[in-house]
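Me: I would like to learn how to read a structure like this one. Could you walk me through it step by step?

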Amino acid sequence: MSAVIYVRASTGEQVSSCDQQVSECTERAKQLGLKIAHVYKDQGISGARHDRPEYLKMLDAAGRKEFGALLLWKQSRLGRDQPEVERAMRRLEFHGVRIVTLDGYDTSASSLKNRKLIRVVKGAMDEAYLDDLRDDTLRGQTDQYLKGFWCGGRPYGYRLVEVTSKTETDVYDRPKRIGSRLEIVPEQAKIVREIFERYAHGASPQRIAADLNERKVRSPGSTWKRKKRRCTGWARSAIWQMLRNPLYSGTYYWKKTQWIKPEGGRRVVKLRKKEEWMRRDEPELAIVKPAVWKIVQERLSANAGKPKDKRLRSGGKAVYMLSGILRCGVCESHFVMDSKTHYRCGKALDGKGCKNTLRVRRDVAEQVILRPVINELLSPEFVDEIVQEMRAYYDKRMAELRTKRDLVPAEVEELNKRIARLQDRVKNGDPDLAADELVGIIERAEAKRAELMAVATSGDKSMAKVLHALPAAAAQYRQQITKGLQGNPTEAGRARIGVRRLLGDSIKLLPAAGGGYLVAHLEFQRAALVAAATGSVGSGGRI
């Protein structure tokens, strides 16, 4: 039986932890007579996360039945979120995977009832470990805060300075590090003061970010060790966060916020109860003058009281036919509504992080892109051309199948005999192959037999039905899109589903060679018509 190993080490654990797990699991596999086919390794990723790359690959491979056994150092390596671990375990068992952990868990050695009980107990202990670790970490950081040290990250405008003991040394006989403190960076402090003063005088975070990018001022993220997301350039979201940070006024808060992970979602920041907040005044860290700070906070409060247009929020429900489909051909970002009437590159909107600053009216984009789809790509004449091409291909394919049909009976008979012989070997025992290996061979032979039988029974009635239904499917799409263009939000939402099927998930907008306007690049998905003709496309409802 082929087996795989899954290992994981969280951030903060020893770098050699994964290698040690692999070594011990490999030794255990030898004792069980299992052959290791692959090792899945997630290093430096918390077990509370469900999106670990190698973890997801392992589950997908299990679904494809690429291995029969999974070895884990401990159940906690699979994850520290009890509901997720239980779902994964049940999924693996459903696919017939034997799960073995080095601390005694083995799906082949206990009943389902006992396995569930063991998993619940171990899962609760693993989850409690995370809770204890979180509490211990917070307790240690709070102790550092009470001693006057800095406990957060590295905010823009400051540098971290190591604080060492005057009496104690570490294992290398160097002064022992006992904490960190902040120190103002003059060059960055100048930018911080500029941001606050400009906002106090009426400039928007978007305009401020755009100017900083034009001057090529290094952003906070430019010094971070990022491999994804924004690594360079200022964004208006960063400006908003800086304007709200009380540290720039010389006030340091601790235990004001906490990270909360909702069920099945990503972590979000939530305010703690006010009685939990801890405050310390540090005037030596103030970068912004009190008067400027007060004006900025008053303007922020005034803006917070204004009604917001939910349609302009990124991530909201799409309400227009091209929402979520338009992409910038320069930076690959989505085009978003920057007002009630216009689309614009989202990255360009967020501080001019993209050079494609052209805007386009929503109604114009819909008419220019979708009218040709209705009048040309879905026209009866063009659909008839598709029908003729498909009929010619189908006739050629059927001629090949008719040639194969003459050979099918003999091949099926030979497979029947082979399957019968393999079943006898499973029943009577085989000196060369294990029973599970023989079963795997039988399953492949049966799949081949089913494929041959499908060839033998295939006919042309279903394809004739599809070809006959294509014009009606095109007419249905034309009707949906036409209604959507008439301005009804409900019809536009329904039509958007059809547009996405016909044009794919991405329509790229690039500035024209001479500038001044945008050019749409799209690809017509003919398969969408076939899907509609087979009855898999509805009228734009839920899918």
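Reply: Gladly! Let's start with a definition for helix packing: an axis here is a line fitted to the C-alpha atoms of a helix over the stretch in contact, and angles between N-to-C directions run from 0 to 180 degrees. Please keep in mind that this is a predicted model.

Me: How are two packed helices described?

Reply: In general, two packed helices are described by the angle between their axes and the distance between the axes. In this chain, helix 5 (residues 186–200) packs against helix 7 (residues 236–243) at an angle of about 90 degrees, and their axes are 11 Å apart. Helix 5 is therefore roughly perpendicular to helix 7, since angles of 65 to 115 degrees count that way.

Me: Which residues in helix 5 and helix 7 meet?

Reply: From helix 5 come Val 192, Ile 195, Phe 196 and Tyr 199, and they meet Ile 239, Trp 240, Met 242 and Leu 243 of helix 7. Sorted by kind, the residues of this contact are eight nonpolar, with no polar and no charged ones.

Me: What does the chain look like as a whole?

Reply: The chain has 16 helices and 16 strands, and 36% of its 543 residues are buried. Among contacts with a separation of 6 or more, 64% join residues 24 or more positions apart. The chain exposes about 32,500 Å², with 52% supplied by carbon and sulfur atoms.

Me: Where is confidence highest and lowest in the chain?

Reply: pLDDT is the predictor's confidence in each residue, from 0 to 100. The chain averages 80, and 81% of the residues score at least 70. Confidence is highest in helix 5, at a mean of 94, and lowest in helix 16 (residues 527–533), at 60. Over residues 309–316 the pLDDT is below 50, and this stretch has eight contacts in the model beyond near neighbours in sequence.

Terms used
Residues numbered from 1 in each chain as written. Predicted model: local features only at pLDDT ≥ 70, side-chain atom pairs only at ≥ 80, totals over all residues. Heavy atoms only, no water. Helix = DSSP H or I, 4+ residues; strand = E, 2+ residues; numbered from the N terminus. Buried < 20%, exposed > 50% of the residue type's maximum accessible area, 1.4 Å probe, protein only. Contact = heavy atoms within 4.5 Å. Areas by Shrake-Rupley, 256 points an atom, 1.4 Å probe, with all protein chains shown as cover. Parallel < 35°, antiparallel > 145°, perpendicular 65-115°, else oblique. Nonpolar A, V, L, I, M, F, W, Y, C, P; charged D, E, K, R; others polar.
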